Amino acid sequence: MEFSVYNPGETDEIRNLFTRTFTDSESEAEGIMVGNLAYEVMNTTNNSDLFVFVARDHSRPPGEQVAGCIIFSRLTFDSDIDAFLLSPVAVSTDHQGKGTGQALINFGLSTLKDNGTKLVFTYGDPNYYSRTGFGPVSETVIKAPLPLSHPEGWLGQSLVSKEIEPIDGKPQCVEAMNKPEIW
C-alpha cells in the first residue's frame, strides 16, 4: 500500500470510492451523498485550505487503485490557529479491517504537523478515531462549526501539545462542509 497526496486526475475515482464504500456500509442514498460531498470539497476548496491523501493498491487495475482516501479542510477561527477538519474518510470495503484507514490517517496527521498545523478535528465514531489519537472535545472547549446531531462524535487532537486549549468563538468550515445535514 502506498500513501501519498492525491493526484487531481483521481477526483472521479475518489468520488466513486466514497460512493461505493458508503453504499456498502450505509445505503445507496448515503453513498451518493458522501461521494458528492467529497467531490465538492475537492473541487470548490482553495488548495491552501485542503489536504487530500490516498492509499493506493498497485495490484488493482488503473482507475481502481485508490483503496482509501481522507480529506482535511481548513477550520478558521477568529484567532490565528492553524486547524483542519478530517472529513470525509473512506476505505474500500475489501481493505477494511486491515489497518489501511489508521495508517492513512496517521500519514495525513504527520504531513499536517510537518506543515505547521496545530489542531485537527473530526466528527465521527469515537471508537474508530481514538485509534489515531482523537479524543472527545467538549463544545465548552471548542465549538463545532454547526449544531451536532451526535455531540459525542465531536473529536479532536493537538499536534503540538498534550491538550487542546479552549478557543473562544465558533470556527468556520469550508463552504462545501457548511451544510447542517452532514453534521
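**Close-up views of a predicted chain**

**View 1. Glu64 counts as partly exposed, at 48% relative accessibility.** On this scale, buried means under 20% relative accessible area, exposed over 50%, and partly exposed in between (1.4 Å probe, protein chains only). Glu64 sits in the loop between S2 and S3; strands here are DSSP runs of E with at least two residues, helices are runs of H or I with at least four, and both are numbered from the N terminus. Go back 14 residues in sequence to Leu50 and you are 23 Å away in space, C-alpha to C-alpha. A word on the model: it is predicted, so local features need pLDDT of at least 70 and side-chain atom pairs count only at pLDDT 80 or more, while totals for chains, interfaces and linings use all residues. Residues are numbered from 1 along each chain as its sequence is written, and side-chain values use heavy atoms, with hydrogens and water left out.

**View 2. Arg60 is another residue of the loop between strand S2 (50-56) and strand S3 (66-76).** Buried or exposed, then, is Arg60? Arg60 counts as buried because its relative accessibility is 15%. Its side chain makes a polar contact with the side chain of Asp94, at 2.6 Å. (A polar contact is a pair of N or O atoms within 3.5 Å; within protein, one must be able to donate a hydrogen and the other to accept it, and residues adjacent in sequence count only if both atoms are side-chain atoms.) Setting aside residues up to four places away in sequence, Arg60 touches Gln65, Val66, Ala67, Ser92, Asp94 and His95, where contact means heavy atoms within 4.5 Å.

**View 3. Thr132 lies in the loop between helix H4 (126-129) and strand S6 (135-136).** With a relative accessible area of 6%, Thr132 is buried. Which residues does Thr132 contact, leaving aside neighbours within four places in sequence? They are Gln102, Ile105, Asn106, Leu109 and Gln157.

**View 4. Zooming out, the chain has four helices and eight strands.** From the N terminus on, these elements run β-α-α-β-β-β-α-β-α-β-β-β. The radius of gyration is 16 Å, close to the 16 Å that the globule rule gives for 183 residues, so the chain is as compact as a globular protein of that length. (That radius is taken over C-alpha atoms, and the rule is 2.2 Å times the number of residues to the power 0.38.) Along its principal axes, the C-alpha trace spans about 50 × 35 × 30 Å. Of the 183 residues, 48% count as buried.
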